[in-house]
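Hello,

Here is the structure for you to look over. My notes follow below it.

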Amino acid sequence: MINTATEINSSTGVSDAAAPTDASNAPPATITFADFGLDPKIQKAVLEQGYTIPTPIQAQSIPHVLAGSDLMGAAQTGTGKTAAFVLPIIQKILRHASSSASPARHPIRALVLTPTRELAVQVSENAASYSKHTDLRAAVVYGGVDMKEQVAILRNGVEILIATPGRLLDHIGSKVANLSQVEILVLDEADRMLDMGFLPDLQRIIDLIPAQRQTLLFSATFSPEIKKLAQSYLRTPVTVEVARQNAAADTVKQVVHMVSSADKQRAIVQVLEARTRQGLSRQCIIFTNSRLGCAKLSRALERDGIKAGAIHGDKSQGERTLTLDAFKSGAIEALVATDVAARGLDIPDMPCVINHELPYNAEDFIHRIGRTGRAGSKGDAIALVDASEKRLLDDIEKLMKRKLDVKPLPEGAPSPSRSTSSRSSSSAPAKMSDPFFYKPYEPSTPPVAASDNAKLEEKKVGITPAKPAVGALLGGFKKK
Ligand code: AMP
């Protein structure tokens with residue numbers, strides 16, 4: 001079963017037949033992909049993926065999307081939400097499928113907007129798999145890479161386009177992308193797009209799409225901002241909610257280790273050694289709050305004999321892909337990542353997530369630990385918490401409405417008071433001498449051509465983390 005689905009919004013109007021019935025919200029056994037009436041070409045692709053039973057979000061969303069309703073889906077990555085919108089989209093636009101080579105026969109019919117290039121790639125890979133037996137074309141465009149290849153693909157024509165907002169606007173500006181025939185718009189991880197300041201870009205894009213369209217919005221939570229966005233752009237949407245808001249999957253075992261900042265790097269080594277002793281996989285994602293911290297920690301872990309790789313916003317797309325591939329193949333066991341870079345990564349059966357620092361935004365914690373315990377598998381989420389992060393921990397516990405277990409580090413761990421050599425200073429708290437924390441925030445009005453990633457990193461790294469980090473250093477972290 002995919003991720004636990006613990007709350008169903010009773011006001012969804014979802015038919016009883018499609019609504020999961022038990023506490024775990026597993027869809028009733030009677031529902032199969034065949035029940036959706038999907039074209040055999042789509043069903044064949046689904047079968048080839050090895051899917052037999054729709055996940056709760058799929059069981060609930062697909063009938064509504066097929067019926068033409070606008071939809072708000074509260075579901076996180078890992079619940080099967082991509083297929084929940086991509087499969088019915090393929091079904092709905094299949095009537096336009098054409099084997100003609102003429103670009104005019106392949107206008108953009110469905111547009112999926114995502115906050116990050118990683119998620120965009122992920123969605124496009126799924127779209128390509130699910131549509132592979134049809135004549136529909138799926139493609140992805142995102143910032144941070146050369147435009148030429150994307151231009152060629154767009155000029156050839158594509159029915160399903162997955163895009164990050166900034167780069168799509170670039171292509172629209174150079175008249176390579178035309179949205180006048182879009183029938184279905186998907187705002188994927190809409191909460192994240194708002195967090196990242198994409199609202200103006202979204203507004204510009206949506207203004208170019210015919211008003212007569214179907215709009216689907218997926219978000220981890222339905223914050224007031226998301227509800228406002230939905231009010232502006234969705235028409236009487238059906239609401240489908242399969243993951244309890246602000247909760248981690250029940251399959252994730254969470255533990256907190258109180259560790260001084262100076263000892264955190266060593267603590268990671270101890271945690272991984274303990275996992276080896278217990279016969280558990282050492283594969284883990286380690287979250288850090290800054291690009292600089294991410295790069296430094298990765299290098300420091302490598303010096304400690306851990307096969308580590310870093311993935312953050314300063315890395316090129318090529319570098320990110322290489323690192324991710326190495327991680328997936330097992331050549332790298334510890335993927336050190338910032339939130340931004342890790343967003344949307346689909347890493348199946350991720351056994352362990354380690355928070356090297358707690359995020360400043362409690363919701364990010366849920367996203368981070370959502371990398372494990374996915375698709376029903378078991379996962380460990382370990383948070384290394386320094387005394388100065390206590391307030392952040394309180395915020396997280398408040399959001400999750402539960403206390404996290406605080407446990408001593410596994411045997412052989414450094415004592416919390418011990419400081420480490422300069423070699424491990426990479427995991428120490430941000431120093432005032434650290435140029436990253438001195439980087440002044442410069443409000444920018446990025447041109448349309450600015451890469452999505454540059455914009456994102458400015459938002460995530462330039463503004464938010466710097467203030468609390470410095471505040472924490474001064475011993476007086478104040479909540480915004
Ligand atoms: P997503 O939430 O869309 O990122 O999907 C998470 C993972 O679940 C992906 O690896 C999908 O391939 C997988 N998945 C999606 N739907 C199903 C299904 N019905 N049965 C099994 N796995 C699925």
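A polar contact here is a pair of N or O atoms within 3.5 Å. A polar side-chain atom of Tyr51 lies 2.5 Å from an oxygen atom of the ligand. For Thr82, an N or O atom in the side chain is 2.6 Å from a ligand oxygen. Gly80 uses its backbone: an N or O atom there lies 2.7 Å from an oxygen atom of the ligand. The protein covers 83% of the 490 Å² of accessible area that the ligand has on its own (Shrake-Rupley method, 1.4 Å probe).

This is a predicted model: local features need pLDDT of at least 70, side-chain atom pairs count only at 80 or more, and totals for chains, interfaces and linings use all residues. Residues are numbered from 1 along each chain as its sequence is written, and side-chain values use heavy atoms, without hydrogens and water.

Around the ligand there are 15 residues (a heavy atom within 4 Å). Tyr51, Gln58, Gly78, Gly80 and Thr82 come nearest. By class, the shell has 5 nonpolar, 7 polar (Gly among them) and 3 charged residues (Asp, Glu, Lys and Arg count as charged).

Best wishes

Methods. Polar contact = N/O pair within 3.5 Å; in protein donor to acceptor, adjacent residues only side chain to side chain.
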